[in-house]
Amino acid sequence: MKKHFFLSTVALFFTLVFSDISYAQAIYSYKKADPDGTGKWYMGREIAHVMSHYGIGWLERSEREEEERTSMLLKNLGLKQGEVVADIGAGSGYHAVRMAPMVAPAGKIMAIDIQEEMLEFIRQRSKKLNLTNIQPVLGSEQSLELTPSSVDKMLLVDVYHEFSFPREMGLSMFRTLKPGGRIFLGGRIFLIEFRAEDPDVPIKRLHKMTETQAKRELEAVGFVFEKNLDNLPWQHCLIFRKP
Ligand SMILES: C[S@@+](CC[C@H](N)C(=O)[O-])C[C@H]1O[C@@H](n2cnc3c(N)ncnc32)[C@H](O)[C@@H]1O
């Protein structure tokens, strides 16, 4: 009897392990990599490499406002005092430090990144600027590591295309966002990506995305597409809602 129980437990264990592996293989496929790519594909798109913290100078370049119209981008979010905003892939905190005063004093910015060097840069910067409502969070490649239904809005600037596990990250975002009504502008994701439809946008191909591709991937994890604000010089500003 005991032996029978032991064998069935072992069989169940291997079934679960192998079904998990084949599930992951079905989601992602692997091909020879583009020089800017990882060789890992998801829903017809090759995933790009993660930008290293050595690129902080580029994120903080003085031409950024002119090239990306970042002040308009932040207006698009319609931030209100008291809101909790997740800046996913916060990098040097370019957007986080600008958003923090907009939601203060009760609101806060969860600045999430997978590179500790980026988070340390944000800590030092917040201290210098005397901003007390930015919370740096070390995420993982597959999860935001935040409490479910704890965030009003999410901002993703130039990061989604480099998620190594876009499906897992999408599901984690879905769990973490509060549901959003049709009128009240909460429970929203603002996905900012360089426009792949436009050959004049001077960014490497794998670091751009089309609107169609972004919709395909976020709808696959449950988000509802609302609109593309289409008011930035080089980027899409795509809004998705958690129903
Ligand atoms: C190109 S930078 C953009 C930084 C910032 N959003 C900006 O526009 O200034 C992308 C950042 O996303 C981070 N990143 C990549 N994958 C991530 C993940 N799964 N979760 C959180 N951050 C991630 C990288 O470490 C990097 O700091």
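This is a predicted model: local features need pLDDT of at least 70, side-chain atom pairs count only at pLDDT 80 or more; totals for chains, interfaces and linings use all residues.
Residues are numbered from 1 along each chain as its sequence is written. Helices (H or I, at least four residues) and strands (E, at least two) are DSSP runs, numbered from the N terminus.

**The nonpolar core**
- The largest nonpolar core has 48 residues, and M154 and L156 touch the most other members.
- Helix α5 (residues 94–103) gives the most to this core, with five residues.
- A nonpolar core here is a set of buried Ala, Val, Leu, Ile, Met, Phe, Trp, Tyr and Cys residues joined through C-beta atoms within 7 Å.
- Buried means that 20 or more other C-beta atoms lie within 10 Å of a residue's own, exposed means 12 or fewer, and partly exposed is in between, with C-beta atoms placed from the backbone.
- Not counting residues up to four places away in sequence, L156 touches I88, G89, I189, L191 and I192 (contact: C-beta atoms, placed from the backbone, within 7 Å).

**Strand β8 and its partners**
- Eight of the eight residues of β8 are buried, so this strand is largely enclosed by the rest of the structure.
- Strands count as paired if DSSP finds at least two bridges between them.
- β8 runs parallel to β7 (residues 153–157), with five bridges joining them, and I189 is the bridge partner of M154.
- With β11 the pairing is antiparallel, over seven bridges, and here I189 has F240 as its bridge partner.
- β9 is joined to β8 by two bridges and runs parallel; F194 stands opposite K208 in β9.

**Two helices with a buried face**
- In α8 (residues 211–219), A214, E217 and L218 are buried.
- Seen down the axis of α8, those buried residues fall within an arc of 90 degrees, so they line one face of the helix (the arc is that of the directions from the helix axis to the C-beta atoms).
- An α-helix has 3.6 residues a turn, so residues three or four places apart point the same way.
- The cover over the buried residues of α8 includes α7 (166–176), β8 (188–195), β9 (208–209) and β11 (235–241).
- In α7, the buried residues are P166, M169, G170, S172, M173 and T176.
- Their arc, seen down the axis of α7, is within 165 degrees, so they line one face too.
- They pack against β2 (37–42), β4 (84–88), β7, β8 and α8.

**Around the ligand**
- The ligand has 21 residues around it, and the closest are M51, G89, G91, V157 and V159 (near: C-beta atom, placed from the backbone, within 6 Å).
- That shell splits into 13 nonpolar, four polar and four charged residues.

- The peptide bond from A104 to P105 is cis, with omega near 5 degrees, and P105 sits in the loop between α5 and β5 (108–113).
- S149, in the loop between β6 (134–138) and β7, has a positive phi near 50 degrees without being a glycine, and S149 counts as exposed with 12 C-beta neighbours inside 10 Å.
- D158, in the loop between β7 and α7, also isn't a glycine but has a positive phi of about 50 degrees; D158 is buried, with 20 other C-beta atoms within 10 Å.

Definitions and conventions: Two residues are in contact if their C-beta atoms, placed from the backbone, lie within 7 Å. Ala, Val, Leu, Ile, Met, Phe, Trp, Tyr, Cys and Pro count as nonpolar, Asp, Glu, Lys and Arg as charged, and the others, Gly among them, as polar.
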